[in-house]
Amino acid sequence: MKVTGFELRRIAMPLVSPFRTSFGVEHDRDVLLVRAVTEDGAEGWGECVAMSEPLYSSEYVDGAAEVIRRFLIPAVLSLPDADPYQVEVPFAKIKGHPMAKAAVQTALLDAKLRIAGMPLAAHLGAVRDRVPAGVSVGIMDSIPELLEAVEGYLAEGYLRIKLKIQPGWDVEPVRAVRERFGDILLQVDANTAYTLADARHLAKLDPFELLLMEQPLPEDDIRGHAELAKQVRTPICLDESITSARAAADAIALGATSVVNIKPGRVGGYLEARRVHDVCAANGVPVWVGGMLETGIGRAANVALAALPGCVLPGDTSASDRYFRRDITAPFVLADGHLAVPTGPGVGVDPDPDALAEVTTATEWIAR
Ligand SMILES: CSCC[C@@H](NC(=O)CCC(=O)O)C(=O)O
Ligand SMILES: [Mg+2]
């Protein structure tokens, strides 16, 4: 596949409501989209999930754009065949920047699959045509406000609730949700906000029968998570720590995780995400697909990934209106608590030109 060039397009997507986590509050998404254009006029899209600031991980959107512009696109254009599998060879020489790599690789994968007329879901090995939807609920100013938000999401049909937690906002909100809504599927995500010294406190979550406790400790504290897993009954689920299939294998072998949140941007793309899925499946570790507040482009690809056999838990694959008043693609809409897996070739969705124009803040074309 010969690529003539790439478009880097920045879009500003306001959130329908602030989204608060242990590392900050998001009011809008400054998103970098990558569009690959091939010699015979095909195109493919990839969404870079890096946030505006390096708070979830070390990547941030301006930095990702620079790495894509200066290093990743030249690496692709230097290849005789801009194949998404082949670009992993030169990309491996460039240290880090998985979200930037994922955006470029996904644009190439989308183009390749559109040319072949193959849906991404089929290419990845999907076994379902719809996936159960969970929803991530941010830290709120009060318990009543939290209960109102959870009630709304349950009424919309979400099949699993995830609560963001941090020191000072953990046991009580979980207790309140459990007491109000009974035995719903419920889990928490700390985004690395605790230390091993908090083990006895985190064990206070055990009576609430949570599905999992996501990334309680810093992303590089694998030993700490293995120790914490011996002190709490709630299953530990790693997110930020799982940067590759090898990292997943190591964390599982060391007893640091018994569930894994798969995020293609965090591991460098959908091909590595499938490898993480396969390593976890081989070890009997359940996985689910996480989210980075993606637009319909990234959401479509995540829903395809969530249809793989090892994805046995609802993911953070919510409807478009969880975050956006208007998506840049046809919106993903909840149906009986599920999202339909796109059936079109590639990621299976296309940006609506008018919607895209409305939110575009910058665009640049980078050619051979
Ligand atoms: C701005 S927080 C992004 C990372 C966070 N993502 C979510 O909570 C789900 C977001 C979504 O629904 O896309 C996580 O650590 O899992
Ligand atoms: Mg998380």
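A residue is called buried under 20% relative accessible area, exposed over 50%, and partly exposed in between, with a 1.4 Å probe and protein chains only. By that rule Glu272, at 15% relative accessibility, counts as buried. The structure is a predicted model, in which local features need pLDDT of at least 70, side-chain atom pairs count only at pLDDT 80 or more, and totals for chains, interfaces and linings use all residues. Residues are numbered from 1 along each chain as its sequence is written, and side-chain values use heavy atoms, with hydrogens and water left out.

**Overall architecture**

- The protein contains 13 helices and 13 strands, taken as DSSP runs (helices H or I, at least four residues; strands E, at least two) numbered from the N terminus.
- Along the principal axes, the C-alpha atoms fill a box of roughly 60 × 40 × 35 Å.
- Of the 368 residues, 59% are buried.
- Considering contacts (heavy atoms within 4.5 Å) between residues at least 6 apart in sequence, 72% join residues at least 24 apart.

**Arg114 and its salt bridge**

- The structure holds 27 salt bridges, each defined as a side-chain nitrogen of Lys or Arg within 4 Å of a carboxyl oxygen of Asp or Glu.
- One of them joins Arg114 and Asp350 (2.9 Å, N to O).
- Arg114 lies in helix H3 and Asp350 in the loop between strand S12 (338-340) and helix H13 (353-359), so the pair ties together parts that are 236 residues apart in sequence.
- Arg114 is buried at 19% relative accessibility, whereas Asp350 is partly exposed at 45%.
- Leaving aside residues up to four places away in sequence, Arg114 touches Glu43, Trp45, Pro345, Gly346, Val347, Gly348, Val349 and Asp350.

**Further salt bridges**

- Glu272 pairs with Arg275 in a salt bridge (2.6 Å, N to O); both lie in helix H11 (residues 270-282), three residues apart, about one turn of the helix.
- Arg275 is partly exposed, with a relative accessible area of 30%.
- A salt bridge also connects Arg325 and Glu358 (3.6 Å, N to O).
- This pair links distant parts of the chain, 33 residues apart: Arg325 in the loop between helix H12 (296-305) and S12, and Glu358 in helix H13.
- Arg325 is exposed at 70% relative accessible area, and Glu358 is partly exposed at 48%.
- Salt bridges that share partners join Arg160, Lys162, Lys164, Asp189, Glu214 and Asp316 into one network.

Methods:
Chains are lettered from A and ligands numbered from 1 in the order in which they are written.
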